[in-house]
Amino acid sequence: MSKYGWLILMLSLSSGASAANWQDDIAYLSSPALAGRKTGSAPSKLAQQYIVQRLTELGYRTERAGFSFTSGFFANTQGINIFTSECQTRCLVISAHYDHLGRHGQRYYPGANDNASGVAALLYLAQQLQAMKEQIIFVAFDGEEQGLHGAKHFVETQPAQRLYTNLNLDMLNLTNARSRLFVYAPHKMCAAAKQSLINSPVKLSVVRSGRSINRRLGKNITDWRRASDHYAFLRRGIAAIFITAAEDKHYHSPEDTFEHINKARYQATLPMLAQFSRALLTRQCQAVAHP
(Lines give C-alpha, C1' and ligand atoms only; values in the text may rest on other atoms or scores of the structure.)
Protein backbone atom coordinates (compact mmCIF):
# COMPACT_ATOMS: atom_id res chain seq x y z
CA MET A 1 0.00 0.00 0.00
CA SER A 2 1.34 3.43 -0.90
CA LYS A 3 1.78 6.27 1.59
CA TYR A 4 -1.43 7.73 0.16
CA GLY A 5 -3.17 4.41 0.79
CA TRP A 6 -2.16 4.62 4.48
CA LEU A 7 -3.49 8.16 4.64
CA ILE A 8 -6.83 7.18 3.11
CA LEU A 9 -7.13 4.21 5.47
CA MET A 10 -6.36 6.25 8.59
CA LEU A 11 -8.68 9.07 7.54
CA SER A 12 -11.51 6.58 7.02
CA LEU A 13 -10.88 5.08 10.44
CA SER A 14 -10.77 8.45 12.15
CA SER A 15 -14.06 9.41 10.52
CA GLY A 16 -15.76 6.30 11.91
CA ALA A 17 -16.06 4.44 8.60
CA SER A 18 -15.40 0.69 9.02
CA ALA A 19 -13.24 0.44 5.93
CA ALA A 20 -10.48 -1.83 7.25
CA ASN A 21 -10.37 -5.59 6.73
CA TRP A 22 -7.77 -8.19 7.64
CA GLN A 23 -5.55 -7.30 4.68
CA ASP A 24 -5.58 -3.64 5.71
CA ASP A 25 -4.79 -4.64 9.28
CA ILE A 26 -1.77 -6.79 8.44
CA ALA A 27 -0.49 -4.38 5.80
CA TYR A 28 -0.68 -1.37 8.10
CA LEU A 29 0.71 -3.05 11.21
CA SER A 30 3.70 -4.37 9.24
CA SER A 31 4.26 -1.13 7.30
CA PRO A 32 7.38 1.07 7.47
CA ALA A 33 5.33 3.65 9.38
CA LEU A 34 5.13 1.27 12.34
CA ALA A 35 8.80 0.27 12.08
CA GLY A 36 8.41 -3.11 13.73
CA ARG A 37 6.18 -2.04 16.68
CA LYS A 38 8.87 -2.39 19.35
CA THR A 39 7.51 -2.07 22.88
CA GLY A 40 7.92 1.44 24.24
CA SER A 41 8.64 3.04 20.86
CA ALA A 42 6.77 5.87 19.16
CA PRO A 43 5.57 3.53 16.35
CA SER A 44 4.19 1.20 19.02
CA LYS A 45 1.86 4.03 20.04
CA LEU A 46 0.58 4.17 16.45
CA ALA A 47 -0.20 0.46 16.64
CA GLN A 48 -2.04 1.00 19.93
CA GLN A 49 -4.10 3.82 18.44
CA TYR A 50 -4.98 1.70 15.44
CA ILE A 51 -6.12 -1.29 17.50
CA VAL A 52 -8.18 0.87 19.85
CA GLN A 53 -9.81 2.62 16.89
CA ARG A 54 -10.68 -0.66 15.19
CA LEU A 55 -12.22 -2.13 18.33
CA THR A 56 -14.10 1.08 19.06
CA GLU A 57 -15.54 1.07 15.55
CA LEU A 58 -16.82 -2.42 16.20
CA GLY A 59 -18.73 -1.23 19.24
CA TYR A 60 -16.40 -2.31 22.04
CA ARG A 61 -15.31 -0.42 25.12
CA THR A 62 -11.57 -0.63 25.47
CA GLU A 63 -9.10 -0.20 28.30
CA ARG A 64 -5.36 0.32 28.25
CA ALA A 65 -3.21 -1.04 31.06
CA GLY A 66 0.39 0.02 31.45
CA PHE A 67 3.16 -2.10 32.91
CA SER A 68 6.93 -1.90 33.07
CA PHE A 69 9.72 -4.44 32.96
CA THR A 70 13.50 -4.48 33.15
CA SER A 71 14.99 -4.40 29.66
CA GLY A 72 18.66 -3.90 30.52
CA PHE A 73 20.99 -3.42 33.45
CA PHE A 74 19.77 0.12 34.05
CA ALA A 75 16.69 0.39 31.85
CA ASN A 76 12.97 -0.19 32.21
CA THR A 77 10.52 -0.39 29.33
CA GLN A 78 6.89 0.67 29.49
CA GLY A 79 4.35 -1.55 27.73
CA ILE A 80 0.63 -1.15 27.11
CA ASN A 81 -1.99 -3.88 26.92
CA ILE A 82 -5.28 -3.14 25.14
CA PHE A 83 -8.42 -5.10 26.02
CA THR A 84 -12.19 -4.96 25.78
CA SER A 85 -14.22 -4.61 28.95
CA GLU A 86 -17.75 -5.88 28.29
CA CYS A 87 -17.15 -9.30 29.87
CA GLN A 88 -16.84 -9.43 33.66
CA THR A 89 -17.02 -13.09 34.66
CA ARG A 90 -16.19 -16.49 33.13
CA CYS A 91 -14.66 -14.84 30.08
CA LEU A 92 -13.06 -16.45 27.06
CA VAL A 93 -9.88 -14.43 26.52
CA ILE A 94 -8.94 -14.19 22.84
CA SER A 95 -5.42 -12.81 22.60
CA ALA A 96 -2.67 -11.85 20.18
CA HIS A 97 0.49 -9.85 20.83
CA TYR A 98 0.98 -6.74 18.72
CA ASP A 99 4.61 -5.92 19.56
CA HIS A 100 7.57 -7.03 17.46
CA LEU A 101 11.32 -6.42 17.20
CA GLY A 102 11.40 -2.84 15.96
CA ARG A 103 14.35 -1.42 14.09
CA HIS A 104 18.02 -2.36 14.10
CA GLY A 105 20.22 0.14 12.33
CA GLN A 106 18.79 0.90 8.92
CA ARG A 107 16.58 -2.21 8.86
CA TYR A 108 13.23 -2.76 10.46
CA TYR A 109 11.44 -6.01 11.23
CA PRO A 110 7.88 -5.80 9.83
CA GLY A 111 6.41 -8.70 11.80
CA ALA A 112 3.62 -9.40 9.33
CA ASN A 113 3.27 -13.02 10.41
CA ASP A 114 4.73 -12.40 13.87
CA ASN A 115 2.24 -11.19 14.90
CA ALA A 116 0.21 -8.81 12.74
CA SER A 117 -1.45 -12.00 11.47
CA GLY A 118 -2.68 -12.78 14.99
CA VAL A 119 -3.90 -9.23 15.63
CA ALA A 120 -5.78 -9.13 12.32
CA ALA A 121 -7.47 -12.44 13.22
CA LEU A 122 -8.38 -11.03 16.64
CA LEU A 123 -10.00 -8.00 14.99
CA TYR A 124 -11.86 -10.27 12.56
CA LEU A 125 -13.17 -12.32 15.48
CA ALA A 126 -14.18 -9.16 17.31
CA GLN A 127 -16.35 -8.31 14.30
CA GLN A 128 -17.81 -11.79 13.87
CA LEU A 129 -18.54 -12.33 17.57
CA GLN A 130 -20.02 -8.94 18.44
CA ALA A 131 -23.22 -10.57 19.71
CA MET A 132 -21.13 -12.50 22.27
CA LYS A 133 -19.09 -9.53 23.51
CA GLU A 134 -20.27 -10.00 27.09
CA GLN A 135 -18.65 -13.46 27.10
CA ILE A 136 -15.28 -12.49 25.61
CA ILE A 137 -12.28 -10.33 26.43
CA PHE A 138 -10.27 -9.45 23.33
CA VAL A 139 -6.76 -8.49 24.38
CA ALA A 140 -3.79 -7.26 22.34
CA PHE A 141 -0.68 -7.91 24.42
CA ASP A 142 2.50 -5.86 24.43
CA GLY A 143 5.96 -7.04 25.51
CA GLU A 144 5.66 -10.62 24.25
CA GLU A 145 8.94 -10.61 22.36
CA GLN A 146 10.89 -9.59 25.45
CA GLY A 147 9.44 -12.17 27.78
CA LEU A 148 5.61 -12.41 27.70
CA HIS A 149 5.48 -9.39 29.99
CA GLY A 150 2.10 -8.07 28.88
CA ALA A 151 0.36 -11.41 29.28
CA LYS A 152 1.92 -11.99 32.69
CA HIS A 153 0.79 -8.57 33.88
CA PHE A 154 -2.74 -9.12 32.57
CA VAL A 155 -3.18 -12.49 34.23
CA GLU A 156 -1.67 -11.33 37.52
CA THR A 157 -4.01 -8.32 37.72
CA GLN A 158 -7.28 -10.03 36.80
CA PRO A 159 -9.55 -11.87 39.26
CA ALA A 160 -9.13 -15.59 38.64
CA GLN A 161 -12.90 -16.09 38.34
CA ARG A 162 -13.04 -13.64 35.44
CA LEU A 163 -11.00 -15.87 33.11
CA TYR A 164 -11.91 -19.42 32.14
CA THR A 165 -9.96 -20.10 28.92
CA ASN A 166 -7.40 -18.34 26.76
CA LEU A 167 -7.36 -18.70 22.98
CA ASN A 168 -3.99 -17.32 21.89
CA LEU A 169 -3.23 -16.54 18.23
CA ASP A 170 0.38 -16.14 17.13
CA MET A 171 1.87 -16.58 13.63
CA LEU A 172 -1.05 -17.85 11.55
CA ASN A 173 0.50 -17.63 8.08
CA LEU A 174 0.44 -20.96 6.20
CA THR A 175 3.36 -20.43 3.88
CA ASN A 176 3.02 -23.44 1.56
CA ALA A 177 0.84 -26.42 0.65
CA ARG A 178 2.45 -28.58 3.37
CA SER A 179 1.93 -26.03 6.14
CA ARG A 180 -0.61 -26.66 8.86
CA LEU A 181 -2.03 -24.91 11.89
CA PHE A 182 -1.39 -26.54 15.23
CA VAL A 183 -4.10 -26.35 17.85
CA TYR A 184 -2.11 -26.92 21.01
CA ALA A 185 -4.29 -27.66 24.03
CA PRO A 186 -2.36 -29.26 26.89
CA HIS A 187 -5.60 -30.12 28.68
CA LYS A 188 -8.87 -31.84 27.83
CA MET A 189 -10.70 -30.12 24.98
CA CYS A 190 -14.48 -30.36 24.95
CA ALA A 191 -16.24 -32.35 22.26
CA ALA A 192 -18.02 -29.31 20.78
CA ALA A 193 -14.70 -27.55 20.17
CA LYS A 194 -13.16 -30.65 18.58
CA GLN A 195 -16.23 -31.14 16.43
CA SER A 196 -16.01 -27.56 15.15
CA LEU A 197 -12.58 -28.30 13.68
CA ILE A 198 -13.78 -31.20 11.53
CA ASN A 199 -13.75 -30.39 7.81
CA SER A 200 -11.48 -27.42 8.33
CA PRO A 201 -10.57 -25.73 5.01
CA VAL A 202 -6.91 -25.65 6.12
CA LYS A 203 -4.75 -28.46 7.47
CA LEU A 204 -4.89 -28.80 11.25
CA SER A 205 -3.18 -30.86 13.90
CA VAL A 206 -4.79 -30.92 17.35
CA VAL A 207 -2.07 -31.79 19.87
CA ARG A 208 -1.78 -32.15 23.64
CA SER A 209 2.01 -31.75 23.88
CA GLY A 210 4.75 -29.62 22.41
CA ARG A 211 6.63 -32.78 21.56
CA SER A 212 3.91 -33.61 19.03
CA ILE A 213 4.53 -30.30 17.26
CA ASN A 214 8.28 -30.83 17.24
CA ARG A 215 7.88 -34.34 15.83
CA ARG A 216 5.66 -33.06 13.05
CA LEU A 217 8.19 -30.32 12.24
CA GLY A 218 11.15 -32.69 12.48
CA LYS A 219 12.75 -30.50 15.14
CA ASN A 220 13.17 -30.65 18.88
CA ILE A 221 14.15 -27.16 19.89
CA THR A 222 11.00 -25.32 20.95
CA ASP A 223 9.12 -25.47 24.25
CA TRP A 224 5.66 -24.77 22.86
CA ARG A 225 4.09 -24.53 26.31
CA ARG A 226 6.18 -21.40 26.92
CA ALA A 227 6.39 -20.18 23.32
CA SER A 228 3.80 -17.39 23.48
CA ASP A 229 1.38 -15.56 25.75
CA HIS A 230 -0.78 -18.61 26.55
CA TYR A 231 1.93 -19.69 29.00
CA ALA A 232 0.99 -16.86 31.39
CA PHE A 233 -2.47 -18.42 31.69
CA LEU A 234 -1.27 -22.00 32.01
CA ARG A 235 1.15 -21.19 34.80
CA ARG A 236 -1.73 -19.66 36.79
CA GLY A 237 -3.87 -22.75 36.29
CA ILE A 238 -6.14 -21.28 33.59
CA ALA A 239 -6.89 -23.41 30.53
CA ALA A 240 -5.28 -22.17 27.33
CA ILE A 241 -5.29 -23.10 23.67
CA PHE A 242 -2.53 -21.94 21.34
CA ILE A 243 -3.10 -21.76 17.59
CA THR A 244 -0.04 -21.26 15.42
CA ALA A 245 1.53 -22.31 12.14
CA ALA A 246 4.69 -22.83 14.23
CA GLU A 247 7.30 -22.20 11.55
CA ASP A 248 8.19 -19.57 8.98
CA LYS A 249 11.49 -19.23 7.18
CA HIS A 250 11.13 -15.45 7.57
CA TYR A 251 10.71 -15.67 11.34
CA HIS A 252 12.37 -12.70 13.10
CA SER A 253 13.79 -11.36 9.87
CA PRO A 254 13.22 -8.21 7.77
CA GLU A 255 11.55 -10.52 5.23
CA ASP A 256 8.50 -11.14 7.42
CA THR A 257 6.41 -8.88 5.20
CA PHE A 258 2.80 -8.58 4.07
CA GLU A 259 3.86 -9.84 0.63
CA HIS A 260 4.82 -13.18 2.19
CA ILE A 261 1.39 -13.76 3.75
CA ASN A 262 -0.42 -16.54 1.87
CA LYS A 263 -3.62 -14.59 1.35
CA ALA A 264 -5.86 -17.47 0.23
CA ARG A 265 -4.94 -19.76 3.13
CA TYR A 266 -5.17 -16.96 5.66
CA GLN A 267 -8.62 -16.01 4.38
CA ALA A 268 -9.71 -19.65 4.72
CA THR A 269 -8.42 -19.78 8.29
CA LEU A 270 -10.56 -16.94 9.64
CA PRO A 271 -14.06 -18.53 9.47
CA MET A 272 -12.61 -21.66 11.08
CA LEU A 273 -11.34 -19.56 14.00
CA ALA A 274 -14.77 -17.96 14.38
CA GLN A 275 -16.50 -21.34 14.42
CA PHE A 276 -14.01 -22.67 16.97
CA SER A 277 -14.45 -19.61 19.19
CA ARG A 278 -18.23 -20.00 19.16
CA ALA A 279 -17.83 -23.63 20.20
CA LEU A 280 -15.62 -22.62 23.13
CA LEU A 281 -18.45 -20.39 24.34
CA THR A 282 -20.99 -23.21 24.57
CA ARG A 283 -22.07 -24.34 28.02
CA GLN A 284 -20.52 -27.74 27.38
CA CYS A 285 -17.09 -26.25 26.76
CA GLN A 286 -17.29 -23.82 29.67
CA ALA A 287 -18.16 -26.71 31.98
CA VAL A 288 -15.02 -28.71 31.13
CA ALA A 289 -12.50 -25.87 30.88
CA HIS A 290 -9.65 -26.62 33.25
CA PRO A 291 -5.84 -26.89 32.99
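Let's start inside the sheet: Phe182 has Thr244 of β10 as its bridge partner. Phe182 sits in β8, a strand buried on both faces, and β8 belongs to an open sheet of 8 strands. Please keep in mind that this is a predicted model. The points below go from that strand to the whole sheet, then to the helices and a few single residues.

**Strand β8 and its partners**

- Strand β8 covers residues 181-184 and strand β10 covers residues 239-244; the two pair in the antiparallel sense over 3 bridges.
- With β9, strand β8 runs parallel, and 4 bridges join the two.
- Val183 has its bridge partner in β9, namely Val206.
- Leu181 and Val183 point to one side of β8, Phe182 and Tyr184 to the other, and all are buried.
- Helix α7, made of residues 210-217, lies across β8 and β9. The direction of α7 is at about 165 degrees to that of β8.

**The sheet as a whole**

- Reading across the open sheet, the strand order is β1-β2-β6-β3-β7-β10-β8-β9, and the pairing is mixed.
- Which strands stand at the edges? They are β1 (62-72) and β9 (204-207); each has a single partner strand, so one side of each is left without a neighbour in the sheet.
- On average, and with direction ignored, neighbouring strands are turned by 20 degrees against each other.
- Helix α5 (residues 149-156) packs on this sheet, where it touches β1, β2 (75-84), β3 (91-97), β6 (136-141) and β7 (163-169). Its direction makes about 125 degrees with that of β1.

**Helix α2 against α3**

- Helix α2 spans residues 22-29 and helix α3 spans residues 42-57; their axes come within 11 Å and cross at roughly 165 degrees.
- Since angles over 145 degrees count as roughly antiparallel, α2 is roughly antiparallel to α3.
- The crossing of these two helices, α2 and α3, is right-handed.
- From α2, the contact takes in Asp24, Asp25, Tyr28 and Leu29, and from α3 it takes in Leu46, Ala47, Tyr50 and Arg54.
- By class, the residues of the α2 contact with α3 come to 5 nonpolar, no polar and 3 charged.

**Helix α2 against α4**

- The axes of α2 and α4 come within 9 Å, crossing at roughly 145 degrees.
- Here, too, α2 makes a right-handed crossing, this time as it passes α4.
- Helix α2 contributes Trp22, Asp25, Ile26 and Leu29 to this contact, while α4 contributes Ala112, Ala116, Ser117, Val119, Ala120 and Leu123.
- The residues in the contact of α2 with α4 divide into 8 nonpolar, 1 polar and 1 charged.

**The loop between α2 and α3**

- Leu34 lies in the loop between α2 and α3, and with 0% relative accessibility it counts as buried.
- Beyond its neighbours within four places in sequence, Leu34 is in contact with Tyr28, Leu29, Pro43, Leu46 and Ala47.
- From Leu34 to Ala232, the separation is 198 residues in sequence and 27 Å in space, C-alpha to C-alpha.
- Arg37 is in the loop between α2 and α3 and is buried, with a relative accessible area of 1%.

**Backbone geometry worth a look**

- As background, most residues other than glycine have a negative phi, and most peptide bonds are trans.
- Arg37 has a positive phi, near 55 degrees.
- Met171 has a positive phi as well, near 65 degrees. Met171 is found in the loop between β7 and β8, and at 9% relative accessibility it counts as buried.
- The peptide bond from Asp114 to Asn115 is cis, with omega near 5 degrees. Asn115 is part of helix α4, residues 112-128.

**Arg90**

- Is Arg90 buried or partly exposed? Arg90 is partly exposed, as its relative accessible area is 37%.
- Arg90 belongs to the loop between β2 and β3.
- Neighbours within four places in sequence aside, Arg90 is in contact with Gln135, Gln161, Arg162, Tyr164 and Gln286.
- Arg90 and Leu280 are 190 residues apart in sequence, yet 12 Å apart in space, C-alpha to C-alpha.

How values were computed. Residues are numbered from 1 along each chain as its sequence is written. This is a predicted model: local features need pLDDT of at least 70, side-chain atom pairs count only at pLDDT 80 or more; totals for chains, interfaces and linings use all residues. Side-chain values use heavy atoms; hydrogens and water are left out. Axes are lines fitted to C-alpha atoms, for helices over the stretch in contact, and angles run from 0 to 180 degrees between N-to-C directions. Angles under 35 degrees count as roughly parallel, over 145 as roughly antiparallel, 65 to 115 as roughly perpendicular and the rest as oblique. A crossing is left-handed if the near helix is turned anticlockwise from the far one by less than a right angle, and right-handed if clockwise. Contact means heavy atoms within 4.5 Å. Ala, Val, Leu, Ile, Met, Phe, Trp, Tyr, Cys and Pro count as nonpolar, Asp, Glu, Lys and Arg as charged, and the others, Gly among them, as polar. Two strands pair if DSSP finds at least two bridges between them. Buried means under 20% relative accessible area, exposed over 50%, partly exposed in between (1.4 Å probe, protein chains only).
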